[in-house]
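Thank you all for coming. I would like to walk you slowly through one structure today, taking a few of its parts in turn, and I will ask you to keep the picture in view while I talk.

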Amino acid sequence: DDIAGWDFMKDDNDPYDDTRYGHGTGEARDSTAATDNMIGDAGVCPKCRFLPMRAGDSFITDVTSYGKAIVYATDNGASIIQCALGTLNMNRFAQSALDYAYAKGVLSVNSMADENSRHHNMPASANHTLPVHAIEYDGSGLADSTTFVGYHPCSNYGGQNLLSASGSSCSSGATGKLSGIAGLLRSEER
């Protein structure tokens, strides 16, 4: 029974984000939070359908659980897979899962990581992903800023970065925002 998504860490149908900081849940809000409900901010694509999955209990997760989540999302009709996470390595299974999603027209949006470092975060640096870096405005508020494309100081950077997006919570936040934008674009083509 997977009507509520899947938890690949505990292998059950309860993908509840029980981390004290709600990392995955926060990024999901950035992309798909509902509007006009008086609860928090609106997501970038509030009418996009959301399929909750959990691959680990922190930002760093097991690469095989990540690969299983990619296959699950692809097989369940996802158009965009939002990955505000990292793995310590890549294995053939995870890369095959990304290849499979890509062949089915599924976009995997992946965080460059939140460490202010030049190193390349896995799986963002793997083939068939869209690595995302965060940018921000440079003043203390919108009214006193001179640019909206300043480097976000807690976002990784480097040659693997393909796209930068606004993010108030590093690359992870930018991943949520860009996933919502990708959802809007995908909905227009249908």
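This is a predicted model: local features need pLDDT of at least 70, side-chain atom pairs count only at pLDDT 80 or more; totals for chains, interfaces and linings use all residues.

Let me begin with helix 2, where V63, S65, Y66, G67, A69, I70, Y72, A73 and T74 are buried. Helix 2 has 13 residues, and from its first C-alpha to its last it reaches 18 Å, which is close to the 18 Å expected at 1.5 Å a residue. At its N-terminal end the helix is capped by D62, a side-chain oxygen of which lies 3.1 Å from the backbone nitrogen of T64. After helix 2 comes G77, and the phi of this glycine is positive, near 85 degrees.

Now please move along to helix 3, which covers residues 92-103 and, with its twelve residues, reaches 16 Å from first C-alpha to last, close to the 16 Å expected at 1.5 Å a residue. Which residues of helix 3 are buried? They are A94, Q95, A97, L98 and A101. Seen down the axis of helix 3, these buried residues fall within an arc of 155 degrees, and therefore they line one face of the helix. R92 and A103, on the other side of helix 3, are exposed. As for what the buried residues pack against, their partners are helix 2, at 63-75, and strand 6, at 107-111.

The ends of helix 3 also deserve a look. At its start, a side-chain oxygen of N91 reaches to within 3.2 Å of the backbone nitrogen of F93, while the helix is followed by G105, whose phi is positive, near 80 degrees.

At least two lining residues come from each of helix 1 (23-32), strand 2 (53-54), helix 2, strand 4 (80-83) and helix 4 (170-189). Which element gives the most to this lining? That is helix 1, with eight residues.

D57 is partly exposed, with a relative accessible area of 44%. Although D57 and K10 are 47 residues apart in sequence, they are 9.8 Å apart in space, C-alpha to C-alpha.

Technical notes:
Residues are numbered from 1 along each chain as its sequence is written. Side-chain values use heavy atoms; hydrogens and water are left out. Helices (H or I, at least four residues) and strands (E, at least two) are DSSP runs, numbered from the N terminus. The expected span of a helix is 1.5 Å times one less than its number of residues. Buried means under 20% relative accessible area, exposed over 50%, partly exposed in between (1.4 Å probe, protein chains only). The arc is that of the directions from the helix axis to the C-beta atoms. Contact means heavy atoms within 4.5 Å. A polar contact is a pair of N or O atoms within 3.5 Å; within protein, one must be able to donate a hydrogen and the other to accept it, and residues adjacent in sequence count only if both atoms are side-chain atoms.
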